[in-house]
Amino acid sequence: MKITPNILLTVFFDKALMLLVDYNALQMVIIDIETSGLDAEQNGLLSVGAVDFLSPKSSFYGECRIRKGEKIDDSALAINGFTVDEVHSSSKMSTKQLLSNFDEWLNSRSEKVIAGLHIAAFDVPFINQKAQQ
């Protein structure tokens with residue numbers, strides 16, 4: 001699996017930057033991930049959430065346990081609200097299964113314009129790195 005969107009749209013929330021866009025015409029998927037830290041080689045993926053912008057009822061959410069050996073940054077857990085027990089929970093699916101489920105959902109979308117906050121610098125590269133491991 002590798003996310004290869006038609007367009008990668010990073011959304012900036014800045015008062016100085018205002019884009020005049022007909023949002024009703026945008027067919028896009030908005031994604032967000034939670035992780036156990038900022039380094040995709042050392043930290044783990046915890047969750048993936050996505051929503052079809054024009055069809056909000058069509059959404060995806062899944063959580064997984066971190067892989068053995070992946071590190072946990074306490075500061076990341078303080079931000080995302082996961083606990084150490086939750087990130088190790090054997091009741092959660094594996095990273096591989098979560099990414100497979102997300103890939104299936106994403107491929108069911110007719111449009112692959114992907115949007116989100118910091119997705120070009122963080123979310124998409126993190127997902128792609130985890131898919132290669």
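F122 and F126 sit four residues apart in helix α4 (residues 119-132), so about one helical turn separates them. Helices here are DSSP runs of H or I with at least four residues, and strands are E runs of at least two, numbered from the N terminus. This is a predicted model, where local features need pLDDT of at least 70, side-chain atom pairs count only at pLDDT 80 or more, and totals for chains, interfaces and linings use all residues. Residues are numbered from 1 along each chain as its sequence is written, and side-chain values use heavy atoms, leaving out hydrogens and water.

**Aromatic pairs**
- The whole structure holds four aromatic pairs; rings of Phe, Tyr and Trp (its six-membered ring) pair if their centres lie within 6.5 Å, with planes under 30 degrees apart counted as stacked, over 60 as edge-to-face and the rest as tilted.
- One of them joins F60 and W105, tilted at 6.1 Å centre to centre and 40 degrees between the planes.
- Because F60 belongs to strand β4 (residues 55-63) and W105 to helix α3 (residues 95-107), this pair ties together parts 45 residues apart in sequence.
- F122 and F126 also make a tilted pair, with 5.3 Å between centres and 50 degrees between the planes.
- Ring pairs link F60, F102 and W105 into a cluster.

**Burial and exposure**
- Buried means under 20% relative accessible area, exposed over 50%, and partly exposed in between (1.4 Å probe, protein chains only).
- F60 is buried at 12%, W105 is buried at 11%, and F126 is buried at 1%.
- D74, in helix α1 (residues 74-80), is exposed at 61%.
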